[in-house]
Amino acid sequence: MNKKIYIFPTCIGNLIYKNLIKEIKKLLQKKEFEAQILNKPFCCGQVFYNTGNFKKAKKIGNLILKEWKNKEILFFSGSCLEYVLENLPLLTGKKNSFYAEEITNFLIKEKIIELPYNFHTSCHFKIFKNKKPEFLGCCGFGGVFSSIYLKTSEKILKAKYKEKEIISIEPGCSLHMKSKGFEIIHPLEKILWKKTEF
């Protein structure tokens, strides 16, 4: 076996990508990684942070620092990754003691898969990757934004997408777009569901 690596599904990822996450674990194991799925904590705490519940977010943050110490973690959400790496040190007053990376980035970097697709990612992750997000680059999700500003959120989504199928790596954005009638697929599903020999 190669080095030990952990998959953090995120709360929404667990909801809509449960089977895909299991398949990715198998793929990593076939590539000789000792892969495990992290279920504690279930959520990174971003939703509490964004709604002003800093006490709850800090509690989850301290649990993350305890449970994830010295682990290499692959995130199923660029938005959650950005939150954890950028905000946990500020929230807890402690340095992150783990390495974290977005899962599609890792799989491409390790030459495990090739992704020739242009896919949707969150605005938070674009900023984190030093890419300037544009208005039409947003799907209108924005976490709690889509719940509070429902009509504005729908207008933003309709301004961006007209096509039937959307390829997205971001679980929150995907759930939002799916709820508005769009057909959403993760780029890793596009590869794995073809039953490719690894």
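Q: What is the relative accessibility of Lys-40, in this predicted model?
A: Residues are numbered from 1 along each chain as its sequence is written, and side-chain values use heavy atoms, leaving out hydrogens and water. The model is predicted: local features need pLDDT of at least 70, side-chain atom pairs count only at pLDDT 80 or more, and totals for chains, interfaces and linings use all residues. Buried means under 20% relative accessible area, exposed over 50%, and partly exposed in between (1.4 Å probe, protein chains only). Lys-40 counts as partly exposed, because its relative accessibility is 47%.

Q: Which residue meets the side chain of Lys-40 in a salt bridge?
A: A salt bridge needs a side-chain nitrogen of Lys or Arg within 4 Å of a carboxyl oxygen of Asp or Glu. Here the N to O distance is 3.8 Å.

Q: What is the strand order of the open sheet?
A: Two strands pair if DSSP finds at least two bridges between them. The sheet has four strands with parallel pairing. Its edge strands, each pairing on one side only, are β2 (34-37) and β4 (99-102). The order is β2-β1-β3-β4.

Q: Which residue in β2 is the bridge partner of Ile-5?
A: Strand β1 (residues 4-8) pairs with β2 in the parallel sense, over four bridges. In β2, the partner of Ile-5 is Ala-35.

Q: What angle does the direction of helix α5 make with that of β4?
A: Axes are lines fitted to C-alpha atoms, for helices over the stretch in contact, and angles run from 0 to 180 degrees between N-to-C directions. Contact means heavy atoms within 4.5 Å. Helix α5 (residues 78-92) packs on the sheet and touches β3 (72-75) and β4. Its direction and that of β4 make an angle of about 155 degrees.

Q: Is Glu-101 buried or exposed?
A: Glu-101 forms a salt bridge with Lys-109, with the closest N and O atoms 3.1 Å apart. Lys-109 counts as partly exposed at 45% relative accessibility. Glu-101 has a relative accessible area of 10%, which means that this residue is buried.

Q: Which residues does Thr-121 touch, not counting those up to four places away in sequence?
A: Thr-121 is found in the loop between α6 (103-109) and α7 (123-128). Thr-121 is buried, with a relative accessible area of 12%. Its contacts are Lys-126, Ile-169 and Glu-170.

Q: What share of the 198 residues in the protein do buried residues make up?
A: The protein has 11 helices and six strands. Its C-alpha atoms fill a box of roughly 50 × 45 × 30 Å, taken along the principal axes. The buried share of the 198 residues is 46%.

Technical notes
Helices (H or I, at least four residues) and strands (E, at least two) are DSSP runs, numbered from the N terminus.
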